[in-house]
Amino acid sequence: LRPNSTEAATRDVHLEAAQMRHDSGVPSSSATLLNRTAFLQNASFTHATAHDKEQQLRLQRILSDTTHGINGNKMEREAFHQLLKHVRMDPDGGILNLLDNPTGQTSKVPVLKKNCLETMEGLFAAFRSVANPSAMICISLRMVHRQIFTTDGPEHLRRELARMRLGHRIFEIIFVGANILELCLAVGCILLILRRVCMICCNKAKVPPKAEIHEDSSNWLMSDSRNLEDGDTNSRSTANPSYMHQAELWLLDLPRLQNMSCLRLLAFAHPNLLEKRRKHMSSENEMSRAILESFFRRKGQYLTDEQLVEEAAKVITQSDDQARNADHAEKFCSLNPSTALCKLRACKTKGRLNSSEQHDPEVLDQAWRLDLFLLLEWISFGALVTVCLILGAAEFLHKICRCTLLLTDPAVPSTTCLLYFALFLNQTIGFMHVGGLLRWRVEIFVFGGADAVVSTEENYIMRVYLGLLMERIWDLQAFNSFQKVIILLTLKDDDLQQLVVEESESKAVVSASIRQLMDKRGLSNKISAALNRAVVG
């Protein structure tokens with residue numbers, strides 16, 4: 001996630017900052033800011049990517065007034081292969097591109113700039129974050145008081161249900177329980193946000209923990225923390241937990257408030273997302289990894305999944321003559337820890353594994369606990385999905401019936417009907433949080449890797465990255481406080497993709513070539529072509 005830096009480069013930056021303080025007599029706080037800025041500027045120059053170099057070449061062509069033609073001979077298959085080559089990841093996730101005056105890298109600050117529509121979207125999001133939970137609490141309190149704590153409340157509820165042909169006792173329980181559940185949900189979410197704010201304030205005054213850097217390693221999480229000490233080149237502060245909590249506040253908690261309701265339970269039971277939810281909740285690979293570490297007597301060595309699978313493949317090929325075949329052994333390269341453990345257990349069942357100093361086959365005798373846990377995990381997941389589906393459907397029925405009763409009751413003011421309808425419409429539209437789902441998809445693509453599963457370690461790295469992104473946004477001088485709040489309220493999957501993914505110039509050349517080929521074959525959009533001719537004249 002962060003760029004590679006050498007000890008020499010870091011030491012030079014610290015010496016320059018120290019000399020700057022000595023020469024100019026800068027106060028300690030200002031010197032720390034200069035130190036941090038100099039460090040980021042040096043890192044931005046040192047770790048310029050191929051995309052940044054292409055941008056420099058484009059700038060030179062613009063200044064030198066150089067023209068170049070388009071090769072229109074690329075066929076579809078060739079263009080398809082070349083088009084996929086443009087997908088490259090920024091090694092620092094775009095963090096070093098978010099500088100007011102980047103050195104050696106292309107600035108990505110304009111990516112975060114919001115237009116008028118996005119500014120209105122951010123203001124509307126802030127309004128929904130306040131209005132939705134407030135309306136939920138007011139309406140739920142009024143309904144609970146009316147249905148439980150008044151003399152004629154239960155009888156009035158029965159008459160209303162009779163009008164809807166829902167006179168069974170179970171529907172009375174659903175209506176009262178739905179109001180109580182909505183009240184508890186709104187109050188609970190507000191308390192969680194207050195706790196998050198307290199965590200942000202508490203961690204803001206703390207010095208982030210130090211992370212040791214080995215001399216033979218140049219990979220480390222670089223933070224532009226304000227707590228750097230002079231000459232401290234052997235350790236570097238990790239991401240400040242305060243900004244990590246801010247990322248969760250702006251990207252998870254506040255969007256949840258905008259359309260919070262019990263209808264959100266239906267999103268968890270959505271049939272198209274069941275497998276993704278199950279993979280996200282499953283701990284099969286982590287537990288299989290723990291068993292394999294015990295099997296190979298490697299506890300506490302933190303081997304990667306690939307290393308564990310390779311060790312398992314060696315044991316299997318040594319115990320099975322057929323597996324020594326290259327074609328058969330190649331299948332082990334794509335295994336995960338869970339599948340590798342299953343194959344080891346199969347060899348153990350056939351009596352082909354013997355105890356040695358490198359591995360302990362007796363550990364596999366306890367693997368039945370993993371089978372039991374996975375069975376309980378499947379049962380728990382199915383029960384959770386069923387409960388979410390039932391509660392969400394019951395809440396949907398309650399909302400529809402309540403809205404119908406209010407609209408058909410002449411004694412209810414029109415303002416109350418409109419407000420309740422607006423609340424119901426807002427919650428119905430947002431029961432599946434599309435923005436969060438799209439951002440989740442980008443995060444899984446970037447951090448999840450080929451298996452499309454974000455492990456515990458990858459999830460922590462993702463939180464660190466988002467925390468560093470929050471820190472850079474708040475430190476930018478190109479935006480005022482209002483614009484920064486709008487950016488955080490409207491940070492979308494497009495913003496993350498533009499920060500992380502970089503394109504080569506060949507993509508634009510291929511696209512232009514294919515556009516020329518489509519025009520020759522008459523495959524272009526006729527409406528778009530007509531509009532272009534009308535505009536050009």
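The side chain of Glu457 forms a polar contact, at 3.1 Å, with the side chain of Ser455. Glu457 lies in helix 19, which spans residues 456-475. With a relative accessibility of 44%, Glu457 counts as partly exposed. Ten residues away along the chain is Phe447, and the C-alpha atoms of Glu457 and Phe447 are 9.9 Å apart. All of this is read from a predicted model.

### The chain as a whole

The chain has 537 residues, and 40% of them are buried. Its secondary structure consists of 23 helices and four strands. Among contacts between residues at least 6 apart in sequence, 76% join residues at least 24 apart.

### Two nonpolar cores

The largest nonpolar core contains 40 residues. Leu112, Leu254, Tyr465, Leu466, Leu469 and Met470 have the most contacts inside this core. Several elements give two or more residues to it: helix 5, helix 6 (116-148), helix 8 (169-204), helix 9 (241-258), helix 18, helix 19, helix 20 (481-489) and helix 21.

Leu112 can be followed through its own contacts. Setting aside neighbours within four places in sequence, Leu112 touches Leu98, Ile473, Leu476, Phe479, Ile487, Leu491, Asp495 and Leu499. Another core lies apart from the largest one and has 22 residues, including Ile291, Leu292, Phe296 and Phe332.

### Two helix pairs

Helix 18 covers residues 434-448 and helix 21 covers residues 493-500. Their axes come within 8 Å and cross at roughly 25°. An angle under 35 degrees counts as roughly parallel, so helix 18 is roughly parallel to helix 21. On the side of helix 18, the contact is made by Leu438, Arg439, Val442, Glu443 and Val446. Helix 21 contributes Asp493, Leu496, Gln497 and Val500. Sorted by class, the contact of helix 18 with helix 21 has five nonpolar, one polar and three charged residues.

Helix 6 and helix 20 form a second pair, with axes 9 Å apart and an angle of about 75°. Angles of 65 to 115 degrees count as roughly perpendicular, and helix 6 and helix 20 are therefore roughly perpendicular to each other. In this pair, Glu118, Thr119, Gly122, Leu123 and Ala126 of helix 6 meet Phe482, Ile486 and Leu489 of helix 20. The residues of the contact of helix 6 with helix 20 are five nonpolar, two polar and one charged.

Helix 6 also holds Arg142. This residue has 53% relative accessibility and counts as exposed. Arg142 and Asn179 are 37 residues apart along the chain, and their C-alpha atoms are separated by 9.3 Å.

### A buried lysine in a loop

Lys108 sits in the loop between strand 1 (88-89) and helix 5 (109-112). Is Lys108 buried or exposed? Lys108 counts as buried because its relative accessibility is 6%, and the cut-off for buried is under 20%. The side chain of Lys108 reaches the backbone oxygen of Gln498 at 3.5 Å. Residues up to four places away in sequence aside, Lys108 touches Asp90, Gly94, Asn97, Leu98, Gln498, Leu499, Val501 and Glu502. Leu98 and Leu499 are also among the residues in contact with Leu112.

Arg297 is in the loop between helix 12 (284-295) and helix 13 (305-319). Tyr302 is found in the loop between helix 12 and helix 13 as well. Phi of Arg297 is near 55°, a positive value in a residue other than glycine. Phi of Tyr302 is likewise positive and near 55°, again in a residue other than glycine. Arg297 counts as partly exposed at 41% relative accessibility, while Tyr302 counts as exposed at 74%.

### Accessibility of the residues described

The table collects the accessibility values of the individual residues discussed above.

| Residue | Relative accessibility | Class |
|---|---|---|
| Lys108 | 6% | buried |
| Arg142 | 53% | exposed |
| Arg297 | 41% | partly exposed |
| Tyr302 | 74% | exposed |
| Glu457 | 44% | partly exposed |

Key:
Residues numbered from 1 in each chain as written. Predicted model: local features only at pLDDT ≥ 70, side-chain atom pairs only at ≥ 80, totals over all residues. Heavy atoms only, no water. Axes fitted to C-alpha atoms, helices over the stretch in contact; angles between N-to-C directions. Parallel < 35°, antiparallel > 145°, perpendicular 65-115°, else oblique. Contact = heavy atoms within 4.5 Å. Nonpolar A, V, L, I, M, F, W, Y, C, P; charged D, E, K, R; others polar. Buried < 20%, exposed > 50% of the residue type's maximum accessible area, 1.4 Å probe, protein only. Polar contact = N/O pair within 3.5 Å; in protein donor to acceptor, adjacent residues only side chain to side chain. Core = buried A, V, L, I, M, F, W, Y, C linked by side-chain atoms within 4.5 Å.
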